[in-house]
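Me: I have a structure open on my screen and would enjoy a guided chat about it. Could we go through it one question at a time?

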Amino acid sequence: MAYTTIDDPSAYFQIKLWSGNGSAGTSITNDGNSDLQPDFFWAKTRNHTYNHIVLDSSRGVTNKRIIPNSVDAEDTYAGFMDSFDTDGFTLDNDVNTNESGKTYVAWQWKANGGTTTSFSASGAQLAGTRQSNTTAGFSIITYTGDGNNNATIPHGLSSAPKFVIIKERNNA
């Protein structure tokens with residue numbers, strides 16, 4: 001794989017620390033050299049044992065949560081986040097993102113600004129959607145499995161991914 005130099009990595013990935021205040025509508029601004037509107041958001045409370053949460057712009061930032069450290073299916077709840085913003089994000093008042101007295105960390109990736117591309121089933125290829133950032137080598141993909149071995153899923157990147165995370169969304 002040919003690697004490229006990214007002049008400003010903060011345009012594609014940022015980490016943000018904050019303290020919760022319990023107030024809905026709290027805006028958190030990223031600190032990198034570049035404004036980053038996240039497409040993939042993974043957060044964790046730092047001083048409590050609350051679950052990790054994953055939100056993304058493909059599934060809808062304000063209503064679909066995945067808990068990667070749990071066997072639970074994806075759930076629908078609108079209390080974590082109000083929006084992904086051009087330079088950060090705006091929180092609601094849930095304990096997983098903004099409880100007063102708690103500290104948090106978020107890892108944020110830029111994919112394609114929430115713009116998805118659909119792909120159809122064809123032979124071994126499954127149907128789904130993706131948003132890809134070829135510069136950063138990052139994709140968010142949703143698809144429906146068919147239970148068969150050797151299925152393929154188009155990732156939209158210029159080379160094969162080196163690391164893949166898969167989480168079943170509709171079953172515990």
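Me: Happy to start near the end of the chain. In which part of the structure is Ile-166 found?
Reply: Good place to begin, and please keep in mind that this is a predicted model. Strand β12 covers residues 138-143, and Ile-166 is found in the segment after β12.

Me: Is Ile-166 buried or exposed?
Reply: The relative accessibility of Ile-166 is 62%. A residue counts as exposed over 50%, so Ile-166 is exposed.

Me: What distance separates the C-alpha atoms of Ile-166 and Pro-68?
Reply: Along the chain, these two residues are 98 residues apart.

Me: Staying in the segment after β12, which phi does Asn-150 have?
Reply: Asn-150 is also found in the segment after β12, and at 70% relative accessibility it counts as exposed. Most residues other than glycine have a negative phi. Asn-150 is not a glycine, yet its phi is positive, at about 65 degrees.

Me: How many bridges join β11 to β12?
Reply: On another side of the pairing, strand β10 (residues 117-119) is joined to β11 by three antiparallel bridges, with Thr-117 opposite Arg-130. β11 and β12 run antiparallel too, and Gly-128 has Tyr-143 as its bridge partner in β12. The number of bridges joining β11 to β12 is six.

Me: Which residue takes a positive phi in the hairpin of β11 and β12?
Reply: This hairpin has four residues between the strands. The residue with a positive phi, near 70 degrees, is Gly-137.

Me: Now β3, please. Which residue of β9 stands opposite Phe-41?
Reply: Strand β3 (residues 40-45) is mostly covered, with five of its six residues buried. It pairs with β4 (residues 53-56) in the antiparallel sense over four bridges, where Ala-43 has Ile-53 as its partner. β3 is also joined to β9 (residues 103-109), antiparallel, by six bridges. In that pairing, the residue opposite Phe-41 is Gln-108.

Me: What is Met-81 in contact with, leaving aside its neighbours within four places in sequence?
Reply: Met-81 is one of the residues with the most contacts inside the largest core. With those neighbours left aside, its contacts are Phe-41, Leu-55, Val-61, Thr-62, Phe-89, Thr-90, Leu-91 and Asp-92.

Me: How many residues make up the other core?
Reply: It lies apart from the largest one and has among its members Phe-40, Ile-66, Phe-138 and Ile-140. The number of residues in this other core is six.

Me: On to charges. What is the N to O distance in the salt bridge of Asp-75 and Arg-65?
Reply: Asp-75 is in strand β6 and Arg-65 in strand β5, ten residues apart. Asp-75 is partly exposed at 25%, whereas Arg-65 is buried at 13%. The N to O distance of this salt bridge is 2.4 Å.

Me: Last one: which residues are linked in a network of salt bridges?
Reply: The structure has seven salt bridges. One of them joins Lys-64 and Glu-74 at 4.0 Å, N to O. Lys-64 is in strand β5 and Glu-74 in the loop between β5 and β6, so the pair ties together parts ten residues apart in sequence. The linked residues of the network are Asp-56, Arg-59, Lys-64, Glu-74 and Arg-169.

Definitions and conventions: Residues numbered from 1 in each chain as written. Predicted model: local features only at pLDDT ≥ 70, side-chain atom pairs only at ≥ 80, totals over all residues. Heavy atoms only, no water. Buried < 20%, exposed > 50% of the residue type's maximum accessible area, 1.4 Å probe, protein only. Helix = DSSP H or I, 4+ residues; strand = E, 2+ residues; numbered from the N terminus. Pairing = 2+ DSSP bridges. Core = buried A, V, L, I, M, F, W, Y, C linked by side-chain atoms within 4.5 Å. Contact = heavy atoms within 4.5 Å. Salt bridge = Lys/Arg side-chain N within 4 Å of Asp/Glu carboxyl O.
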